[in-house]
Amino acid sequence: HRLEVTDTLVNYCRLAAGGECVVTGSTLLDCFLEKSDIDLVVLGPTNMSVSEFTGRLQEHISSSINYIEDAKAPLLCYFYQGFKVEVAFTNCPETLAPRPLTEYKLDELQKFDEVSQLAIRGYLNTLALVKDLPPHKLALFQQTLRSLRKWASNRLIDNGAFGFLPGYSWSLLSRWVIDGDNPTNPQEALKKLFATLHQWDFVQP
């Protein structure tokens, strides 16, 4: 059901922006929990404002859309069929032609405004976590990360806004442990990860 809803939301965003929309976060990594947000990044035309995009998107969404402007990367937040959705809206610079986000080179990304760069780099970094993993390691990564995120969620320590590790950091830890120790199952990976963290000297990171 989540994937069907996600496909619908991507189409709505593409219609509203007249541009690109990609899925990021735990949905992209296929390691989401039951209450996980659906995270999207939208690339709109140079002259489209956030308010114009919001108005067009509102035509497809019955619930109200809130603009969280004081976040590090401003987001549009709303609920759709029981899922919380967070949309990062970005604008294509005048000097660049709109195209898939993965096709922009580093020097081209630097032409985007700071907010757009944060959103786009977040998406590209998430893609990079899994792009070179063979199928068996990808499955292990997803299982390990899902278990780790569930552990953190159950203890209410999974929110970066409150000083804990954000979602991407848990993803990095999961990738690090399966790369470094070649575990054969999630239980083995988590055991090694927690043992390492327990002994880590955080005074000298």
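**View 1. The hairpin of E4 and E5 in the predicted model.** Two residues lie between the strands of this hairpin, and Gln-81 has a positive phi near 50°. Strand E4 covers residues 75-80, and strand E5 covers residues 83-91. Five bridges join E4 and E5, which pair in the antiparallel sense. Tyr-78 has Val-85 in E5 as its bridge partner. E4 is mostly covered, with five of its six residues buried.

**View 2. The parallel pairing of E2 and E5.** Strand E2, residues 38-44, runs parallel to E5, and the two are joined by seven bridges. Ile-38 stands opposite Val-85 in E5. Val-85 is also the bridge partner of Tyr-78.

**View 3. The pairing of E3 and E4.** Three bridges connect these strands in the antiparallel sense. Asn-66 is placed opposite Cys-77 in E4.

**View 4. The open sheet of five strands.** The strand order is E1-E2-E5-E4-E3, with mixed pairing. Strand E1 (20-24) and strand E3 (66-68) are the edge strands, and each of them pairs on one side only. From one strand to the next, the twist averages 30°. Helix H3, residues 50-58, packs on the sheet and touches E2, E3, E4 and E5. The direction of H3 makes about 10° with that of E4.

**View 5. The largest nonpolar core, with 23 residues.** The members that touch the most other members are Leu-9, Leu-40, Phe-53, Tyr-78 and Val-87. Helix H1 (2-17), E1, E2, H3, E4 and E5 are the elements that give two or more residues to this core. H1 gives the most, with six residues. In soluble globular proteins, nonpolar side chains tend to be buried together.

**View 6. The surroundings of Phe-53.** Neighbours within four places in sequence are left aside here. Among the remaining contacts of Phe-53 are Cys-13, Ala-16 and Ala-17. Phe-53 is also in contact with Val-42, Met-48, Leu-76, Val-87 and Phe-89. Both Phe-53 and Val-87 belong to the group of core residues that touch the most other members.

How values were computed: Residues are numbered from 1 along each chain as its sequence is written. This is a predicted model: local features need pLDDT of at least 70, side-chain atom pairs count only at pLDDT 80 or more; totals for chains, interfaces and linings use all residues. Side-chain values use heavy atoms; hydrogens and water are left out. Two strands pair if DSSP finds at least two bridges between them. Helices (H or I, at least four residues) and strands (E, at least two) are DSSP runs, numbered from the N terminus. Axes are lines fitted to C-alpha atoms, for helices over the stretch in contact, and angles run from 0 to 180 degrees between N-to-C directions. Contact means heavy atoms within 4.5 Å. Buried means under 20% relative accessible area, exposed over 50%, partly exposed in between (1.4 Å probe, protein chains only). A nonpolar core is a set of buried Ala, Val, Leu, Ile, Met, Phe, Trp, Tyr and Cys residues joined through side-chain atoms within 4.5 Å.
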